[in-house]
Amino acid sequence: MDFTPTEEQAAAAELAARIFGDLSTPERLTAAGSGSDAGLWKELCAAGLPAAVADTGLLGLVLLLEEQGRTTAQVPFAVSCVYGLLALTAHGSPEQRERLLPGIADGTVVVTGAVPGPGVRCDSGRLTGVLPAVPWLRDATHVLLADDRRRLRLVRTAEAGTEPVELTAPWSAGRLTLDGTPGETVGAEGAPDDVLATARTAFAGLQAGVCAGSLARAVAHTNTREQFGQPLAVRQGVQLRSADAYMDTEAIRVTAYEAAWRRDAGLPYASHALTAAWWAAEAGLRVVHTGQHLHGGAGADLTHPVHRHFLWGRQLDAQLGGGGELLQELGESIVDGEVGT
């Protein structure tokens with residue numbers, strides 16, 4: 001295994017870090033409320049970053065999402081690349097790729113997803129069901145979901161019922177109601193499993209960035225905040241908690257890198273994606289709690305930047321399914337002999 005980024009991946013990550021760092025400021029995040037930053041999304045697309053994922057692969061996307069997570073930038077970057085660009089590239093028909101991929105690359109088409117899609121029934125290509133909380137639905141033109149026949153279906157949001165809902169993190173989410181809504185088939189049976197593994201890997205990469213950003217803020221705070229004439233950072237308890245948070249963050253990062261690298265190399269990666277998701281959910285919560293606690297009372301301030309990392313970390317835990325559930329799924333896969341096959 002070699003996780004060293006290629007020149008293209010490194011250049012894309014550097015560009016993403018610069019754009020997110022310059023534009024995803026606390027002031028702009030506050031102005032966006034629970035919605036997305038349309039100006040930032042326009043800049044990212046103009047810079048060609050969504051389009052670059054087609055060439056840099058899932059590992060490249062993970063690197064880009066790390067940079068998004070560091071600043072908790074409110075744009076539908078992860079979902080549109082996972083459920084749109086990568087899913088259609090892997091499973092879409094030539095006609096679907098020709099019709100949709102250019103728009104996804106330039107940002108005029110935004111795809112979000114609900115894979116698996118619990119309770120979605122399909123009858124002769126018509127879908128029925130309710131998805132109570134779909135991230136970035138308010139920005140999406142299409143939704144990729146899995147029906148009760150374990151097939152991927154692509155739905156136009158204009159042909160479904162949508163209404164805004166609020167999540168723990170400000171992810172421009174919405175409630176999707178399907179009532180005989182047409183959905184075009186994407187890929188063959190089993191495609192939802194691949195999309196789910198891709199999404200788990202990508203969201204783990206996003207969590208690595210969220211944790212890195214939270215820890216960086218905590219380190220800066222404890223090095224400047226003094227107590228009894230000394231910086232908080234000299235306290236052994238602070239150092240130990242910071243060190244544990246650093247190791248957790250690195251575990252999330254390396255497991256996400258491994259899963260992404262394996263997918264790009266054409267190797268089995270479902271169990272590796274599941275492992276990365278467990279680290280992101282379980283360890284991610286520990287890190288964002290540490291980041292908030294090390295800020296003391298300031299960390300409980302809803303307007304403090306570190307509180308956004310806390311909210312994103314908890315939302316990603318929920319998005320991935322929770323550490324306990326993921327660990328149970330991983331254990332069952334080991335018992336069934338799926339791991340390592």
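Modeller: Before we start: a residue is buried under 20% relative accessible area, exposed over 50% and partly exposed in between (1.4 Å probe, protein chains only). This model is predicted, so local features need pLDDT of at least 70 and side-chain atom pairs 80 or more, while totals for chains, interfaces and linings use all residues. Residues are numbered from 1 along each chain as its sequence is written, and side-chain values use heavy atoms, without hydrogens and water.

Colleague: Thanks! How many aromatic pairs are there?

Modeller: Four, counting Phe, Tyr and Trp rings (the six-membered one for Trp) with centres within 6.5 Å; planes under 30 degrees apart are stacked, over 60 edge-to-face, the rest tilted. One of them, Trp136 with Trp171, is stacked, at 6.4 Å between centres and 20° between planes.

Colleague: What does that pair tie together?

Modeller: Parts 35 residues apart in sequence, because Trp136 is in the loop between β3 (126-134) and β4 (142-146) and Trp171 in the loop between β6 (161-164) and β7 (174-182). Strands (E, at least two residues) and helices (H or I, at least four) are DSSP runs, numbered from the N terminus.

Colleague: Is Trp136 buried or exposed?

Modeller: Buried, at 4% relative accessible area, and Trp171 is buried too, at 2%. Trp278 and Trp279 form an edge-to-face pair, 5.1 Å between centres and 75° between planes; Trp279 is partly exposed at 24%.

Colleague: Which residues cluster through ring pairs?

Modeller: Trp136, Trp171 and Trp312.

Colleague: New topic: which residues of α1 are buried?

Modeller: Gln9, Ala12, Ala13, Ala16, Ile19 and Phe20. On the face of α1 turned away from that buried side sit the exposed Glu7, Glu14 and Asp22.
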